[in-house]
Amino acid sequence: MTFCIGIKVAEGLVGIADSRLTSGTEQIRARKLSIHYPGGKPMFVMSSGLRSARDKALTYFEEVLEQEQENFDKLYKAVNRLASQVRKVSDEDKKALEESNLTFNLHALVGGQLEKDAEPKLYMIYPQANWVEIGQGTPYHIIGNSAYGKPICDRALRYDTDLKMALKIGALAFDATRQSATDVGFPLDVVVYQAATRTMLEYSYKERDLRQVSQWWKNQIQRSLQALPSDWVEALFNQSSPSP
C-alpha cells in the first residue's frame, strides 16, 4: 500500500509520500514522488498503485516533456499529457495484468504552477486517466491508504492554513497511517511549493528525524483523553441499579 497526500492552501502546496513497497513478505524502498520541469517550471507527481505501471507511465511522460517543452504553460496541459500516458500504459498492460489477477490501479497527485497559471494547482488522476482539480472546499487529497490520515485533515486543515502548519498536519496524517498500517513507512519524501516566491523545496525524512514529533503527538493525545469531559460517562456508571 501507499500513503501520498497532496495539500493546497493559499500560500502554496505540500506533497508528502512514503517510500515503502511491499511484495508478499518482502519490503523494499522506492520513491513515489518525482519532480519534473515542463516549460522549465517545477511540478511534482506522487503515485499509488502498481510500481511497474507508475515507472512506465513516468518514463513515457519524461519523453513527452523532452519533445514538447514549449507546449506546457499551464499545469492542466501537463496533467493531460501525463493522463494520456497512463491511458497508454493501461492499453498496453491491462489485459496481461488481469490475466495474472492484478488490477491496473494507478492513481497520481500532480501539483505545481507553470508560467501562465494564476495560482498553484493540484490535480488527482484516476486509473481511467480522467482527472479532478483539488480546490478550496476540501484542500487535500490522499491516495493509497487514506482511512487513518483523513480524520486529522478533516478537523484541522483549511485553505487558509499556513504552509508550515499544513506540512505539520500532513506529517501527522502520515504518522497515524504508519502506526496502523504495516505497509506504509519511512523514508518520507516531502515537497513544498511556495506561491509567493514560486520556489519548490524538497526534503527526505528518516524515522529518527520525526521520532520526537511522533512521541510528542502520542503524549498530547493521552493528556487530552485524561481531560476529556466525563459527565456523560458518570451518568452511566452512577446508575443506582443496572438496566434490566
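Are Phe 174 and Phe 186 buried or exposed? Phe 174 is buried, as is Phe 186, where buried means under 20% relative accessible area, exposed over 50% and partly exposed in between, with a 1.4 Å probe and protein chains only.

## Basis

The model is predicted: local features need pLDDT of at least 70, side-chain atom pairs count only at pLDDT 80 or more, and totals for chains, interfaces and linings use all residues. Residues are numbered from 1 along each chain as its sequence is written, and side-chain values use heavy atoms, leaving out hydrogens and water.

## Overall chain

The protein chain has six helices and 12 strands, taken as DSSP runs (helices H or I, at least four residues; strands E, at least two) numbered from the N terminus. Its C-alpha trace spans about 80 × 50 × 35 Å along the principal axes. Of the 244 residues, 43% count as buried.

## Aromatic pairs

Five aromatic pairs are found in the whole structure. Rings of Phe, Tyr and Trp (its six-membered ring) pair if their centres lie within 6.5 Å; planes under 30 degrees apart count as stacked, over 60 as edge-to-face and the rest as tilted.

Phe 174 and Phe 186 form an edge-to-face pair, 5.0 Å centre to centre with 85° between the planes. Phe 174 lies in helix α4 (residues 163–180) and Phe 186 in the loop between α4 and β11 (188–194), 12 residues apart. Ring pairs link both of these residues and Phe 3 into a cluster.
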